[in-house]
There are 2 protein chains.
Amino acid sequence: MAKLSRRNMLKMSMVGALALGGINANAALNEKDVKFDEEYDVIVIGSGFAGSMATLQALKRGKKVLMVEKMGRAGGNSVINAGNMAVPNNEFQKAAGITDNKDAFIADCLKDGLNLNHVDLLSVIYDRSNEAFTYLKSLGVEFSGKVISSSGHSLKRAVQAKNASGSGYIGPMHKAIEANTNAVIKKRTKFDDFVLDDSGRVVGVKCRENYKFDGNLQSDDKENTSGEPKCFKAKDGVILAAGGYSSDKWFRVQQVPVLKTNIDTVSQPGATAGALLATLKIGANPLHLSWIQLNPYTNPTEKGFGTSALFSNHCANDYGLTVNPKTGKRFMNEHAGRKVKSDAIFKCMAESANNDNYPVNICDQAAVDLNNPLYTSKGVEAGSIKKFDTLEELAKAYNIPLEPFLKTVADFNGYVKAEKDPEFGKPLSKKDVNSIDVSKAPFYACETTPKILYCMGGVQINTKAQVINAQTWEPIPGLYAAGEITGGVHGASRLGTMSMADCMVFGMIAGENI
Amino acid sequence: MAKLSRRNMLKMSMVGALALGGINANAALNEKDVKFDEEYDVIVIGSGFAGSMATLQALKRGKKVLMVEKMGRAGGNSVINAGNMAVPNNEFQKAAGITDNKDAFIADCLKDGLNLNHVDLLSVIYDRSNEAFTYLKSLGVEFSGKVISSSGHSLKRAVQAKNASGSGYIGPMHKAIEANTNAVIKKRTKFDDFVLDDSGRVVGVKCRENYKFDGNLQSDDKENTSGEPKCFKAKDGVILAAGGYSSDKWFRVQQVPVLKTNIDTVSQPGATAGALLATLKIGANPLHLSWIQLNPYTNPTEKGFGTSALFSNHCANDYGLTVNPKTGKRFMNEHAGRKVKSDAIFKCMAESANNDNYPVNICDQAAVDLNNPLYTSKGVEAGSIKKFDTLEELAKAYNIPLEPFLKTVADFNGYVKAEKDPEFGKPLSKKDVNSIDVSKAPFYACETTPKILYCMGGVQINTKAQVINAQTWEPIPGLYAAGEITGGVHGASRLGTMSMADCMVFGMIAGENI
């Protein structure tokens, strides 16, 4: 009863559209209609890479920061990310004798991005990711010390977490945030709407505390009325870092109707469109919302990201080959960007009536040894990656016709030796990608199918991470954004390792500028 | 002075964000803050095909309708449209012995639309376009009596205006509207924002009368403060039919950055994003905004749509061939959809350093005779289409290497005879597309380059033409939309003749349902 009374009091302190829970379908709130429960300098929505970096930078400047996270655990999709970050000109790249350059970096991104990318934002990432990397090291993030390649990049330019996971970053970042007395982290606290002043400036947010996310609902954003409404004032403004909508079944299928056809996602269930939609209502410019990326490295026998995706990506696709089990032949450039490969894999799958002619990613022991051993050991343990003493056994296990398969591998090994793939144009120059042949037993193999990974689309930002109003072309005063909730950086298709670079750099910039 | 006083009084009757002119950047207006100047049952924003059809249907039901149009002339892009409308199962199609079917219709649209299309909306267009066509005939719209083919369609299914222009429809439609005493048309009246009640229902609009559109401004929507603010009540609701944003230089380049590179548009200058953006602020779901279509039929020597596009589309592409002037060879399926062809033409153009290796569209007298004579005579007169007695003269005029060119034409004529194009898969079955060879002098030719034509993206509607709120998944009460301002129907790329079908059918449905 006491709790109910408190709720009723809260309700009475807020008027109009600000109901107990659920959606304020019409407009943002006006500060005149709101009684703020707490006051901060900066409010950050989301606790992944972008939100954490923004928080840390704002704290560095002495700001009092509230970070809100609707889920029960911090880190969003970032904490289940692979932990590889594009950092042009990083120390490991230099040590490997590789010279990066901005034109090549931008050209790589534009190629898979189909020229939809906002080049001014890519330019900032090129210029400042090394600074973000240096700062992360100072927090104690541990790196493998290697520079690694990633599909679509013409050069090796990514650093990788020692533990092969985004948790290797989120851990030290959140430790630093928690150690700062100016920081407040509220988990299970859902952002519902912005509070504006009469001039249109973002001056706070309406949230619900003690929110219980319910993944069993058709739409948590729409149906979940749990939690107690609170309004928080943000004196300097709000940083939006709430991520993408790849787990939002309704919204993603409106944008891309074919995504309803039993396609799994690798994202955490909280990756929904609610925060994005609240931002569109205050005039933010929506960019590229119908570009939703599939991960071509995931396994059809497992749910979600599974245990083999890093093997498929970095061992098999980088150093091995992929064959169509029906023909025993290759059918794509294994180093192409994600969209090209996903399209090719879907076409291969469709060669069987049940849409299950899954391609097989293959490499040898040398490829495994060139990568983090965890990339392979987890999948071998779980059974998603299989290990064979001979190519003959491998072919038998996946019903691949032996003779054409052996010819395919022999041809491929010839291409590696010649450093040129005349069939599909996979880059094999030893200088750039350190290519190796498939000859050192044991051999490893894994089936592959695309799953929903990442939303390229989101709100438009400028190079200062300010959210742009589509009608005025000016920043929405008091509102910044970074990471997957923004659009424009990646155009039609994001390259691997570019999400971390985007989140870290624009999170940093948002925290610096707010 | 008298005028200024009146303006000041108007200003005083509206509070807050409702300034004299310009943008209300934050939120829609609340009816409590507004004094309505006039009252109608239905307000229609836009006066093109969709708006006119919606108005006529609402008038038929006895509604008092206000149609607002920001420009000085009615008809928007519709009145400069080619006047061809896809009407599956129309009388001319039946008379030609062609049997249409819904699966083929939807498959045609999905192919060029890259499966992004909302199939439920396509299904409605298939079911009801014949009804719209019959109604248009009853208004006195004159048709050529032919069923015509259009690129991307597997069957001939389009009707065409006798005068080869959208004005052949807009004329009789507006005559009928003007004759109805329940109709008020206000030209030079710009829609700025919606007026909502406390429940979020659209109950009116804020406009500016005596608006002077200024095409010389960087952005008319943003900078033009002309006109006198008025608020109009819409008792039953508002129908949004304000068209696309292909003349909106800022908005389109945010969505598709490459469109800044000197690419012309065929749209009228008033085709801007203002009305769309006002609708996003009240929660409408934005679909496919970054899909902007180019018209592959336009001429590089002229501004805008010019005098040769209908020739290139319906004479040369339907019945002839297109060659690369550098090689004398064909390089695309001339009957492919607009995106496929625009991409191929840009690639051809890029074979010269100045990006001006323009492909040449070619056909013969028989192709010209199969079409409306105006398609060709206007361009011949203007000089954009050239006429030659021999293929040799044609080759010389465009610097096409003669021998390969003559071989290309001979090969093509052989394909027509065999009813199969083994090179590029152009449909040549006499049954479906009535193919002819290129042999009957004189010959006609015309250079081609893509120009910005159409915006596939817009707000989401359901099959009742109700605008969908992205947060509630429900219709926004009191708000309907039809035509180019909606998204979803055409997916990634609209087929020719489908714009008219979309506008007419969903305009009709909006007027029926409001």
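Start your tour in chain B, where the crossing of helix 2 and helix 6 is left-handed. Keep in mind throughout that this is a predicted model.

**Stop 1: two helices in chain B**

Now show the side chains where the pair meets. From helix 2 of chain B, pick Phe49(B), Ser52(B), Met53(B), Thr55(B), Leu56(B) and Leu59(B). Their partners in helix 6 of chain B are Tyr169(B), Ile170(B), Met173(B), His174(B), Ala176(B) and Ile177(B). Color this contact by class and you will find nine nonpolar residues, three polar ones and no charged ones.

**Stop 2: where the chains meet**

Next, bring chain A into view beside chain B. How many residues does the contact take from each chain? It takes 45 from chain B and 45 from chain A.

The size of an interface is often given as the accessible area lost when the parts come together. Between chain B and chain A, about 3,700 Å² is buried, and carbon and sulfur atoms give 59% of that area. The count of salt bridges between chain B and chain A is zero, while 12 residue pairs are in polar contact across this interface, with both residues at pLDDT 80 or more.

To explore the chain B side, select helix 8 (249–255), helix 9 (274–280) and strand 10 (286–287); these are the elements that give two or more residues to the side touching chain A. By class, that side of chain B has 21 nonpolar, 20 polar and four charged residues.

**Stop 3: backbone details in the loops**

Move to chain A and zoom in on Ala441(A) and Pro442(A): the peptide bond from the one to the other is cis, with omega near 0°. Pro442(A) sits in the loop between helix 16 (430–433) and strand 16 (443–447) of chain A.

In chain B, the bond to look at runs from Ala441(B) to Pro442(B); this peptide bond is cis, with omega near 0°. You will find Pro442(B) in the loop between helix 16 and strand 16 of chain B.

Finish at Ala164(A), in the loop that lies between strand 5 (158–160) and helix 6 (167–178) of chain A. What is phi at Ala164(A)? Phi there is near 55°, a positive value in a residue other than glycine.

Technical notes:
Residues are numbered from 1 along each chain as its sequence is written. Chains are lettered from A and ligands numbered from 1 in the order in which they are written. This is a predicted model: local features need pLDDT of at least 70, side-chain atom pairs count only at pLDDT 80 or more; totals for chains, interfaces and linings use all residues. Side-chain values use heavy atoms; hydrogens and water are left out. A crossing is left-handed if the near helix is turned anticlockwise from the far one by less than a right angle, and right-handed if clockwise. Helices (H or I, at least four residues) and strands (E, at least two) are DSSP runs, numbered from the N terminus. Contact means heavy atoms within 4.5 Å. Ala, Val, Leu, Ile, Met, Phe, Trp, Tyr, Cys and Pro count as nonpolar, Asp, Glu, Lys and Arg as charged, and the others, Gly among them, as polar. Buried area is the accessible area (1.4 Å probe) that two parts lose on being put together, summed over both. A salt bridge is a side-chain nitrogen of Lys or Arg within 4 Å of a carboxyl oxygen of Asp or Glu. A polar contact is a pair of N or O atoms within 3.5 Å; within protein, one must be able to donate a hydrogen and the other to accept it, and residues adjacent in sequence count only if both atoms are side-chain atoms.
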